[in-house]
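Reader: I am new to reading protein models. Could you walk me through one, feature by feature?

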Amino acid sequence: MKIATFNVNGVNGRLPVLLRWLGESAPDIVCLQELKAPQERFPLTAIRDAGYGAIWHGQKSWNGVAILARGTDPVERRRSLPGDPEDSHSRYIEAMVGDIVVGCLYLPNGNPAPGPKFDYKLRWFDRLTKHAKKLFAAKEPVVLAGDYNVMPTDLDVYKPERWRDDALFRPEVRSAYAKLIRQGWTDALRELHPDEKIYTFWDYFRNAYARDAGLRIDHLLLNAPLAARLKAAQVDRDVRGWEKASDHAPTWIELADKKRAARKRVVKR
DNA sequence: ATGGCTACGATACGTAGA
């Protein structure tokens, strides 16, 4: 079972990249962010033809999130975070895929900081953390995957000094991420690669990808039942080098099959 | 520190991204 997250930066502009990657990587579940398309402009036919069912929450020009599942339709549970009915951004969608709860999120960027956008980011983060607490307590396997717009530690930034005052790296935001993790979530990439430099995003500016001037901001958080099954976690970084690439690369985990529940059995002789 | 690039729109610059 392979679960991926990919900030596509425009699902229609990026459709050839998305379809090629789906074909090569064959993930079972995919969380997409930054669709940048209104609800009616989601390329459902092409995605179905690639073998995936989908649910999505679009928005004109910005934001937008989707969950894809290979060979099945995700069953939607919610399409926004609780806690602010006035929030008009499409940044969260949640579904069941089989017996797994999948939360797909696009946390606000928050620049410039300080300011109203940064305040919105912190409020949104707080709503996510409250919701995550309930999800973590559930018995079902849960993954919270997406673009968190946070580098959790210095190891996750090519040049930490340069990013200290940025909304993606300020102390308030890193501490919000740490608080979320303290509920018990496993940061899958970091769990399997504790000391490795891993990036999921490279700026379009300044030849950042060629210089490997990257950030690790796309994360997959697992609750205990899923963390126990974690086998592999990687970034498809070559996708960032493709023609018309997103500035993010697909990031994914591989899970061991669910253990069969011990079954009472009558042995006949 | 600045500026560099890319996508999206009542298609030409303005807004947003990170």
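**Cysteines, a sheet, a helix and some rings**

Author: Let us start with two sulfurs: that of Cys-31 has its closest cysteine sulfur in Cys-104, 4.1 Å away, which is too far for a bond. Before going on, note that this is a predicted model, in which local features need pLDDT of at least 70 and side-chain atom pairs count only at pLDDT 80 or more, while totals for chains, interfaces and linings use all residues. Residues are numbered from 1 along each chain as its sequence is written, chains are lettered from A and ligands numbered from 1 in the order in which they are written, and side-chain values use heavy atoms, with hydrogens and water left out.

Reader: How many disulfides does the structure hold?

Author: A disulfide is a pair of cysteine sulfur atoms within 2.5 Å. The structure holds 0 of them.

Reader: Are Cys-31 and Cys-104 buried or exposed?

Author: Buried means under 20% relative accessible area, exposed means over 50%, and partly exposed is in between (1.4 Å probe, protein chains only). Cys-31 is buried, at 0% relative accessibility, and Cys-104 is buried at 0% too.

Reader: Now the sheet, please. In what order do the strands run?

Author: First, the naming: helices (H or I, at least four residues) and strands (E, at least two) are DSSP runs, numbered from the N terminus. Two strands pair if DSSP finds at least two bridges between them. Here 6 strands form an open sheet with mixed pairing, in the order S5-S6-S7-S8-S12-S9. Strand S5 (75-78) and strand S9 (186-187) are the edge strands, each pairing on one side only.

Reader: In which sense do S8 and S12 pair?

Author: They are antiparallel, with 5 bridges between S8 and strand S12 (residues 218-222). Within this part of the sheet, Asp-147 stands opposite Asp-218 in S12.

Reader: Which strands does helix H3 touch?

Author: Contact means heavy atoms within 4.5 Å. Axes are lines fitted to C-alpha atoms, for helices over the stretch in contact, and angles run from 0 to 180 degrees between N-to-C directions. Helix H3 (residues 116-137) packs on the sheet and touches S5, strand S6 (92-97), strand S7 (100-106) and S8, with its direction at about 20° to that of S6. Helix H5 (residues 171-181) also packs on the sheet, touching S9 and S12, and its direction makes about 25° with that of S12.

Reader: Which residues of helix H1 are buried?

Author: In H1 (residues 15-25), the buried ones are Leu-15, Val-17, Leu-18, Trp-21, Leu-22 and Ser-25. Looking down the axis of H1, these buried residues fall within an arc of 160° (taken from the directions from the helix axis to the C-beta atoms), so they line one face of the helix. The face turned away from that buried side carries the exposed residues Pro-16, Gly-23 and Glu-24.

Reader: And how many aromatic pairs are there?

Author: Rings of Phe, Tyr and Trp (its six-membered ring) pair if their centres lie within 6.5 Å; planes under 30 degrees apart count as stacked, over 60 as edge-to-face and the rest as tilted. A search of the whole structure finds 6 pairs. In one of them, the rings of Phe-136 and Trp-185 have centres 5.2 Å apart and planes at 65°, so the pair is edge-to-face. This pair links distant parts of the chain, 49 residues apart: Phe-136 is in helix H3, and Trp-185 is in the loop between H5 and S9. Trp-185 is buried at 3%, whereas Phe-136 is partly exposed at 22% relative accessibility.
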